[in-house]
Structures are given as structure tokens and as C-alpha cells.
Amino acid sequence: MDYVDLELAIQRRDIENYSLELRFSQPGDNADVRLLRDDLAAVRFPFSELLTLAPDPLAYGNALTASLFADPAVRQAFAEACAVAQSQGFALRIRLFLAQSALELHSLRWETLCHPEDNTPLLTRPDMLFSRYLSSRDWRPVRARSRGSLRALAVIANPHDLPAYQLVPIEVETFRRQIAHTFGDVPLEQLTAAGEATLDNIVVRLLGGIDILYIVCHAALVNGETWLFLENARGEVERIASTTLVARLRDLAQRPRLVVLAACQTAGSGEVGAAGADTALVALGPRLAEAGIPAVLAMNGLITPGTVEAFMPAFFSELLREGQVDGAMAVARGVVRDRPDSWMPVLFMRLKNGQIWYAPAFADERPGKDKRGRAAEKWPVIVQNIRSRTCTPII
């Protein structure tokens, strides 16, 4: 599916107000269009009201939507973008860009946004892609890997002394079974036994070239710093500051293309003793993106086991089928759309096309042909590419 891109860029205007800019582009068009006549619209967010509405995701989403689309010009511009996408049979890729002056807006639950016309959840449809788009000072290029070369690393940190920190143990076997099923034919390494989920072990495995890093652990947000509850060699809690993790990943010559951070409630328990545990992992997302990680999926709350068990297989299945991170997010969120915490998975991304892998092939290869037929068709394509000077043969 092709995509129509809509970027919502928000920056601070003054102590109470923000400025919103909408940039729109279509496939094959190198130019973007400013959808607002005056380029910028003023936006104000009712933080206190949103805080009181937090227990009700739908009411929260309606209030956040009303604030974002309060200006009729913004509402009209969004309607035009949707109309263009629908008329051409394209999906609408929405990228929310929060400027450095407005990073505090990451605390809002953008994934609860509703459609401004009918107040239905906006981001549970496969043709409506959404990510929090981030820039990075990392100049190293990000290139997609071939599908056949993908490798994954799963880490489950379940220190035996978690109860001493008023934290519930993680159901390791449940996650092991889920992860083994989730990644299918992708080579998978695991650090799941007691004493294996150490920061040093993670970095050593990443040195071998890992594309997808999946970490299941507890976390806490203390004075603006995210702390991960990993392990030491004895299987005890070792608290790792997010700044330490980010620095270690930044130093890698080849960083993961996707980092997935998950922490969830155990069945029947919503209580976690660590302060800020409900938002700690999502707070780490922007820092990892700034360090050069192309895509980060984190949980904006203590997501329930049932939602994780439904969301993750759907996400990875679609990701390994198509290679589009935000597309996989849309499909997976649609699978859990009827669950009250379907909004909790959050995608931070610095990839404009959302692609983390590609399938090597000639442009004219068509499905349904046998291998011999495909091989025979390659020669005319090669000759054509040589004549058009888009291919240099090396014999």
C-alpha cells in the first residue's frame, strides 16, 4: 500500500500556548504542502483536565482531540488529507513531531486520539498509521537490511529479589513461549535464564549484529531518570540508568533497527511499587531515538498480559511480512482495539518510510512463477538496466 504523509509539528509558542503546523505530501512528490493558510495554528492543551480523565481512555482521547483540532482550519486541513488518501486508495501516515521546545507533550496519551468528525478511535485502523516522529543528532545513515539477514535478541530480566523492591516477578515461561512463536523464522538469541539479563551480556550480543532488541523488565521513573531493573551475574537486581543504556547503544557500530521495551502487570495485580513505573519505559523512547535507534516501541503504562499476548504476535507477524514498523503498529492496535489499554503501545520513529527490511528482488518479478521462470526473466531486466545506465555489470 502507498502512503499519504501528514506531519503534525508542534512547538511551544509561549508559557501556555503551542503552535501547530501541518505538512502534507503524496507518493512520488518531492515537495510538501502546508495545509494551513497561515502556516501555524495556536493550540492549548488542558493538562489538568486530561489528568483527571486518565482512567477513561475514550474521554481522554476526546478531550485531547478537541484541543488539537479546536481551530476549524486544522480540522478542515485534516479532513482534506483524509479525503485525498481515501480517493486514491492510500493509507494516511501521520507523524507527530514534537519540537525540542515542546518535549513535555510526550507525557500526553496521543495514541488515544479520536477522529475529529465522529469521535471514534482514530488509530485502530490498518489504513491510519501513526508514530511520534523524532529527529537525531546521529549522522550515521540508516539503511534497511535484507529480510534474510535479520536477527533478533530477546531479554527477560526477572531478578529473584524483585519482591524486596515491591515488584512482582515476571512470568518468564509465558514470555519465552510467546517470543519463540512470535519471531518465526528470524534467528533469535535469548537472555532469559537467571543471571543472563545483564547490561554487559546485552551489549556483547549486540556487537554481533542484532536488528531487533526485545527487552522485558521492570522500570521506574525517578526525578526524570528512567531506571531499568536488569540483573547481575548472581541473578539479583541491578538498576541501570537510561543514560547508561543509551550511551552503550550509541557506541555500537551497528545499532538495532528496532528496540521493543515491555513491562506489564501480572494477572490479577495492577500494583507496582516502583515510582513512575507506568511511564518509565515510554520516557526512554525519545532518548533511544536521539541515540540513533531508528524505531522504539515502548509501553505507556502497565499494560495487561492479555493485551501483550495479543498485540506482540500481531505486531511482529505484520512486521516480518511487510517490513513497515508503523504499518505493523496499526495492524496490531486494531487487533486489541476492544481492550481498554490498546493505546499503551507507543512508537517513536525516525524513519520517514517506516521500513526496516527489504526483500532483494528484481523489479519485474511477479508472484506465482517458479524459480526457473523467474531466473529466465532476469536477463532482459539486467540488459534494460545497463542500457538505461542504472546498473553496472561486474564480470
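This is a predicted model: local features need pLDDT of at least 70, side-chain atom pairs count only at pLDDT 80 or more; totals for chains, interfaces and linings use all residues.
Local features here need pLDDT of at least 70 and side-chain atom pairs count only at pLDDT 80 or more, while totals for chains, interfaces and linings use all residues. Residues are numbered from 1 along each chain as its sequence is written, and side-chain values use heavy atoms, with hydrogens and water left out.

**Overall picture**

- The protein has 10 helices and 17 strands; these are DSSP runs numbered from the N terminus, with helices (H or I) of at least four residues and strands (E) of at least two.
- Of its 395 residues, 51% count as buried, where buried means under 20% relative accessible area, exposed means over 50%, and partly exposed lies in between (1.4 Å probe, protein chains only).
- Among contacts (heavy atoms within 4.5 Å) with a separation of 6 or more, 72% come from residues 24 or more positions apart.

**Strand E2 and its partners**

- Strand E2 (residues 18–25) is mostly covered, with 7 of its 8 residues buried.
- E1 and E2 run antiparallel and are joined by 8 bridges; two strands pair if DSSP finds at least two bridges between them.
- A hairpin of 5 residues joins E1 to E2, and aspartate 5 stands opposite serine 25 in E2.
- E2 also runs antiparallel to strand E4 (residues 41–43), with 3 bridges.
- Strand E3 (residues 33–34) is joined to E2 by 2 bridges, again antiparallel, and valine 33 in E3 is the bridge partner of phenylalanine 24.

**Salt bridges**

- The count comes to 20 salt bridges, each being a side-chain nitrogen of Lys or Arg within 4 Å of a carboxyl oxygen of Asp or Glu.
- Arginine 95 and aspartate 5 form one of them, with their closest N and O atoms 3.7 Å apart.
- Arginine 95 lies in strand E5 (residues 91–98) and aspartate 5 in strand E1 (residues 3–12), so this pair ties together parts that are 90 residues apart in sequence.
- Arginine 95 and aspartate 5 are both buried, and they belong to a network of salt bridges that also links Glu7, Glu21, Arg23, Arg93 and Asp326.
- Within helix H4 (residues 172–182), glutamate 173 and arginine 176 sit 3 residues apart, about one turn of the helix; their closest N and O atoms are 2.4 Å apart in a salt bridge.
- Glutamate 173 is partly exposed at 42% relative accessible area, and arginine 176 is partly exposed too, at 24%.
- Arginine 321 bridges to glutamate 318 with the closest N and O atoms 3.0 Å apart; arginine 321 is exposed at 52%, whereas glutamate 318 is buried at 14%.

**Nonpolar cores**

- The largest nonpolar core has 40 residues, and those with the most contacts inside it include Tyr214, Met312 and Phe316; such a core is a set of buried Ala, Val, Leu, Ile, Met, Phe, Trp, Tyr and Cys residues joined through side-chain atoms within 4.5 Å.
- Helix H8 gives the most to this core, with 8 residues.
- Apart from this core lies another, of 39 residues, among them Val4, Ala41, Ala85 and Leu108.
- Beyond its neighbours within four places in sequence, methionine 312 is in contact with residues including Tyr214, Val260 and Leu297.
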